[in-house]
Amino acid sequence: PAGAGLEVRSGGEGEVTEVVGLERRTVDSFAGLQKLLAVGNRNRRMRETRLNEHSSRSHSVLQVHVRRRMPPQQDGTVTVRDSKLSLVDLAGSERWGAAG
C-alpha cells in the first residue's frame, strides 16, 4: 500500500530472506518476465527530499526464484534445482538523514 513501510525478515546468513506482504508470480518465458517487471516499475513509489525536490529515486527489491527440473535419468530419478537471486537497491539511503 502507498505510504506503508515494508517489513524485511532475514534469518541470517544462508537463511531465507523475505519481504512481508509481497506475492510470488510465476512466469515461463522472458516475455512474461518483461511484463512482470513493467508492472513492478509502474508500482514504484518515489518522493522528493530536502536535497532534491524532483527526486526520482526509490528503493526496490527484486527476487528471482528459478526452478529447473532436469530430464529424468535412466533410473527414473528426477533432479530439481532451486535458485534464488535477490537484488536490493536502497537508493540514496546512505544520506537519508540529511535528505529528510
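**Entry 1: surface and model**

Accessible areas here come from the Shrake-Rupley method with a 1.4 Å probe, and for residues only the protein chains shown count as cover. On that basis I looked up the accessible surface of the protein and found about 8,800 Å², of which 50% belongs to carbon and sulfur atoms.

I note that this is a predicted model, in which local features need pLDDT of at least 70 and side-chain atom pairs count only at pLDDT 80 or more, while totals for chains, interfaces and linings use all residues. Residues are numbered from 1 along each chain as its sequence is written, and side-chain values use heavy atoms, with hydrogens and water left out.

**Entry 2: confidence**

I then looked up pLDDT, the predictor's confidence in each residue, from 0 to 100. The protein has a mean pLDDT of 76, and 65% of its residues reach 70 or more. Confidence is highest in helix α1 (residues 30-42), at a mean of 88, and lowest in helix α2 (residues 96-99), at 54. Where pLDDT is low, the predicted coordinates should not be read in detail.

**Entry 3: elements and packing**

I counted elements as DSSP runs, numbered from the N terminus: helices are H or I with at least four residues, and strands are E with at least two. The protein has 2 helices and 4 strands, and the order from the N terminus is β-β-α-β-β-α.

For burial I took buried as under 20% relative accessible area, exposed as over 50%, and partly exposed as in between (1.4 Å probe, protein chains only). Of the 100 residues in the protein, 8% are buried. With contact meaning heavy atoms within 4.5 Å, I looked at contacts between residues at least 6 apart in sequence and found that 38% join residues at least 24 apart.

**Entry 4: strand β3**

I followed strand β3 (residues 60-69), where Val-64 is found. Val-64 counts as partly exposed because its relative accessibility is 28%. Leaving out residues up to four places away in sequence, Val-64 touches Ser-83, Lys-84 and Leu-85. Val-64 and Thr-26 are 38 residues apart in sequence, and their C-alpha atoms are 10.0 Å apart in space.

Leu-62 is also found in β3; at 32% relative accessibility, Leu-62 counts as partly exposed. I found Leu-62 in a nonpolar surface patch of about 330 Å², made together with Leu-37, Leu-85 and Leu-87. Patches are made of residues with over 30% relative accessible area and no salt bridge, joined within 9 Å for like charges and within 5 Å for nonpolar side chains (Val, Leu, Ile, Met, Phe, Trp, Tyr).

**Entry 5: the salt bridge**

I searched the whole structure for salt bridges (a side-chain nitrogen of Lys or Arg within 4 Å of a carboxyl oxygen of Asp or Glu) and found 1. Side chains of opposite charge can pair when their charged atoms come close. Arg-67 and Asp-82 meet through their side chains in a salt bridge, at 2.7 Å from N to O. This pair links distant parts of the chain, with Arg-67 in strand β3 and Asp-82 in strand β4 (residues 80-89), 15 residues apart. Arg-67 counts as exposed because its relative accessibility is 59%.

**Entry 6: two loops**

In the loop between β3 and β4 I looked up Thr-77, which counts as partly exposed at 36% relative accessibility. Thr-77 touches Pro-71 and Pro-72, not counting residues up to four places away in sequence.

Leu-22 is found in the loop between β2 (17-19) and α1, and at 53% relative accessibility Leu-22 counts as exposed.
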